[in-house]
Amino acid sequence: MSYLTRRLLTFPLVMLGVSILVFVTIRMVPGDAITAMLGTEAGLLTPAQRDALAGYFGIDQPILVQYWRWLAGVFQGDLGISVTYGRPVLGVILERFPLTLQLALMSMCVALLVGLPAGVFAATRNEKMSDLGVRIFAMIGQSTPNFVVGLLIIYALSAGFGILPVMGEFTPFFEDPLRNLGQMILPAITLGFAFAASVTRISRSAMLDVLSDDYVRTARSKGASKRSVIWRHALPNALIPVVTLSGVEFGYLLGGAVLVEQIYALPGLGRLVLDAILQRDYALVQGCVLFIAFNFMVVNLLVDLAYAALDPRIRLGEGG
Amino acid sequence: MTTPLLSVSDLCVGFGRDPSKNEIVKGVSFDLAAGETLAIVGESGSGKSVTALSINRLVDFGGGRIIGGSIDFKRRDGSILDLAQAGEPVLEKIRGSEIGMIFQEPMTSLNPVLTIGTQIEESFRLHRGLTGRQATAAARDALDRVRIPDAARRLKYCPNQLSGGMLQRVMIATALACNPRLLIADEPTTALDVTVQAQIMALLGELKHETGMAMIFITHDIGLVAGIADKIMVMQAGEAVEQGQLDQVLDRPQHSYTRHLLSAVPHFESGRAARADFRREKAKPPALTVDGLTVRFKVSGGLLGRSPGSVHAVENVGFDLMPGETLAIVGESGSGKSTTARAILGLVRPTRGRFSAHGLTERAGSVADATDPATQMVFQNPYASLNPRLRIDSILAEPVIAAGGRITTETREKMKALLKRVGLPEDSLERYPHQFSGGQRQRLCIARALMLNPSVVVLDEAVSALDVSVQAKVLELLVDLQKEYGLAYLFVSHDMAVVERIAHRIAVLYAGQIVEIGDAASVLSNPQHSYTKRLISAVPSIDRRNQHFELDTRQVPSLVRPPGFEPPEPQWRDFGPDHRARAEA
């Protein structure tokens with residue numbers, strides 16, 4: 001457990017590092033919030049008006065003071081006011097987050113439901129035609145950009161079957177689950193496709209390694225059936241790399257998926273960040289990045305917990 | 001005559017895409033009656049393991065195929081089944097219930113993510129249909145049967161919490177769970193310490209007696225089987241070159257290969273075979289003096305927690321080594337023998353202690369220097385200790401460069417001379433390590449160690465990974481080189497028979513401390529410390545037939561000591577001009 005405690009203690013340190021980094025970098029980008037907000041009209045402002053606006057948003061202060069004020073706010077749950085939306089940043093983020101979380105979860109389900117069995121199947125048919133088929137499919141899945149997959153899916157469904165993806169205003173899951181799922185299933189498949197391909201490849205190679213391990217031979221010598229050897233003895237040992245990969249991918253997905261959100265017109269975190277950067281909405285960018293980093297760390301922590309659950313050597317310490 | 005339990009005739013096994021072109025087992029035949037033990041002996045690559053794995057058809061999963069012959073097995077109901085032709089569903093019913101198997105590496109042969117309880121219970125679930133509490137109770141009984149103390153608690157352990165010897169017992173418990181009529185043991189003690197090996201052999205002997213099962217025992221150590229086998233089959237290059245009753249094969253070997261094997265294997269002769277070609281002269285300065293060497297590793301504490309203490313890996317070890325002399329450091333894994341060797345070379349930082357090599361470079365423990373040309377090392381695994389991407393000339397140049405030298409024509413001449421001296425062709429310089437066999441690679445390692453004209457060579461289990469006949473030749477080479485160059489050897493080994501062949505003096509290490517040290521013949525023939533006695537009585541020997549080993553379940557004491565702990569000053573007792581042992585409480 002001391003390992004976990006140590007991990008928890010690094011948490012705030014990493015967050016602090018991330019916040020400094022994003023605070024500095026966004027201010028290094030040319031352009032400023034007032035110009036971005038008012039466009040050409042910014043030129044009409046008198047220097048006094050401009051200063052007043054800058055004072056209102058607090059961007060006239062030295063960067064250290066800005067950072068300190070902002071940090072003090074963060075500790076009180078106040079991530080600042082978004083220039084673009086004129087509302088508290090946290091509220092804006094939390095409004096977008098459920099969709100991103102749902103999309104990430106659904107993509108991961110698709111990836112694991114397809115990728116894991118495919119990988120295990122391919123490993124047990126090593127070097128046979130069916131293995132080759134799975135591997136080629138996985139290669140295509142990994143090397144095709146997901147917007148291409150998304151467009152192809154939309155095209156195939158509409159041109160081939162006359163089914164159109166459910167468009168229109170996004171409906172949260174708890175308002176109308178069916179309509180929501182109708183809107184989310186295609187984006188989830190699109191995102192899950194490449195994810196599934198990675199899971200397939202990594203679970204195949206991990207299974208191949210494990211299947212030649214001594215304890216698998218022992219299990220066979222006890223008379224365990226093929227199914228039991230694969231699912232009970234080999235798979236739990238092969239899951240660690242799969243969990244690692246899934247954690248990293250899931251963490252990325254929680255940061256939003258800009259292209260897929262764009263294609264399916266979904267108001268997710270990815271587009272929010274992109275817009276915030278284009279608008280020089282400092283507070284919003286900072287808030288989003290901090291939020292995404294926080295999520296990533298939570299996912300990493302969950303991955304570590306999963307390792308411990310899977311492998312007693314990690315749980316109890318090597319040779320413990 | 002009743003039909004035998006197992007009758008293998010003309011078995012041929014091949015590997016790869018075209019098995020008939022790549023035959024590993026070429027027409028092996030043997031019979032085995034119920035309750036009988038057959039030892040299959042041979043060197044690596046002789047096909048002995050493949051033969052064994054063909055019987056329960058695990059060979060299929062390793063890419064092998066039976067291409068000829070039959071394996072008639074008498075099942076529990078009396079029917080005869082040809083295992084060579086049997087289908088997978090039938091085989092699954094036979095494996096574990098009628099034929100059990102144990103393997104060489106207990107550390108890797110158990111599933112690391114399942115508790116040992118689950119793994120033993122599996123046999124009962126598969127073949128007896130037991131579930132829940134019944135299966136647990138059966139598993140507990142199985143652990144009791146292999147004499148594991150505190151079985152109920154141990155069931156919840158995972159494999160990494162048990163020692164190698166304990167794990168091998170768990171393996172045996174699993175294999176014997178359903179009282180198989182045949183047990184196949186594939187080098188079951190090779191990875192274990194000699195005292196643990198004796199335990200496992202004792203256990204197998206007792207269980208065989210209790211259950212009346214037949215056993216096939218595969219080993220490279222012909223001395224080991226003398227204690228347990230009824231019959232012996234000697235294999236070479238896929239063929240059974242000789243088989244017969246134990247005494248007949250051991251005492252009157254017919255085939256030249258059997259004779260070769262019997263003469264090549266170093267037999268332990270309780271000190272009678274110790275070297276007597278060296279006399280210590282008090283006047284000469286020693287090549288290496290080690291005084292009060294202590295190595296401790298701090299155990300890390302939890303978060304904010306204080307360290308619970310240190311592992312006292314090596315405690316107050318001291319000896320001196322004369323030019324031309326071999327000191328063997330013996331002991332089992334964890335006794336600190338390798339750590340001692342590494343500390344002398346500066347690969348591990350000693351906590352305290354002084355070394356002086358060849359009386360010139362005096363250095364205290366804290367400034368150990370790994371590049372001292374006076375001491376060189378040869379490691380255990382010749383496959384892992386040569387960089388596969390470097391040519392031999394680069395490998396031999398490495399120590400010279402590390403010592404700050406340059407490669408000149410003279411260096412190349414020296415390389416050629418050394419290669420010739422260790423028995424390798426001159427064109428080896430342009431080749432890569434993978435083009436050499438294990439024995440040849442170890443010769444390369446020896447040549448590399450000699451590049452800087454060292455006065456002391458540390459040999460850490462230098463022949464353990466080699467086949468017995470190769471082992472004998474490398475030992476011969478080492479002895480010759482020693483005489484020629486007046487080298488001092490520090491020979492770290494767990495193998496008493498090998499030690500007897502090369503050592504002039506022996507230091508026995510137990511739990512990080514020297515418990516006995518002295519003249520090899522004297523220590524081996526007249527051991528004084530209780531641990532030395534145990535160690536020597538555990539050594540298998542061709543003369544000890546059908547021996548009854550005593551079962552001993554003592555655990556090795558923990559080496560973790562609280563912070564600040566200092567062991568009491570040792571009390572020594574002398575047992576001869578050059579032989580002393582630590583007094584025991």
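1. Axes are lines fitted to C-alpha atoms, for helices over the stretch in contact, and angles run from 0 to 180 degrees between N-to-C directions. Helices (H or I, at least four residues) and strands (E, at least two) are DSSP runs, numbered from the N terminus.

2. The model is predicted: local features need pLDDT of at least 70 and side-chain atom pairs count only at pLDDT 80 or more, whereas totals for chains, interfaces and linings use all residues. Residues are numbered from 1 along each chain as its sequence is written, while chains are lettered from A and ligands numbered from 1 in the order in which they are written.

3. From H5(A), A:Val89, A:Leu90, A:Val92 and A:Ile93 meet A:Ala283, A:Leu284, A:Gly287, A:Cys288 and A:Phe291 of H13(A). Contact requires C-beta atoms, placed from the backbone, to lie within 7 Å. This helix pair brings together eight nonpolar residues, one polar residue and no charged residues. Here Ala, Val, Leu, Ile, Met, Phe, Trp, Tyr, Cys and Pro count as nonpolar, Asp, Glu, Lys and Arg as charged, and the others, Gly among them, as polar.

4. A second pair in chain A is formed by helix H8 (residues 177–211) and H10(A), which pack at an angle of about 155° with their axes 8 Å apart. That angle makes H8(A) roughly antiparallel to H10(A). The crossing of H8(A) with H10(A) is right-handed. Among the residues in this contact are A:Leu191, A:Phe195 and A:Ile202 of H8(A), and A:Pro241, A:Leu245 and A:Glu249 of H10(A). By class, the contact divides into 14 nonpolar, four polar and one charged.

5. The contact between chains A and B draws 26 residues from chain A and 27 residues from chain B. On the side of chain A, the elements giving two or more residues are helix H1 (2–28), helix H9 (214–221), helix H10 (226–254) and helix H14 (312–316). H9(A) gives the most, with seven residues. That side of chain A has seven nonpolar, 10 polar and nine charged residues.

6. A:Phe147 belongs to helix H7 (residues 146–161) of chain A. With 15 C-beta neighbours inside 10 Å, A:Phe147 counts as partly exposed (20 or more other C-beta atoms within 10 Å means buried, 12 or fewer exposed, and in between partly exposed; C-beta atoms are placed from the backbone). Leaving aside neighbours within four places in sequence, A:Phe147 is in contact with A:Leu259 and A:Ile263.

7. Chain B comprises 19 helices and 23 strands. Its radius of gyration is 26 Å, close to the 25 Å that the globule rule gives for 585 residues, so chain B is as compact as a globular protein of that length. The radius is taken over C-alpha atoms, and the rule is 2.2 Å times the number of residues to the power 0.38. Of the 585 residues of chain B, 49% count as buried.

8. Helix H1 (residues 48–55) of chain B is mostly covered, with eight of its eight residues buried. B:Arg57, which follows H1(B), has a positive phi, near 65°.

How values were computed
Two residues are in contact if their C-beta atoms, placed from the backbone, lie within 7 Å. Angles under 35 degrees count as roughly parallel, over 145 as roughly antiparallel, 65 to 115 as roughly perpendicular and the rest as oblique. A crossing is left-handed if the near helix is turned anticlockwise from the far one by less than a right angle, and right-handed if clockwise.
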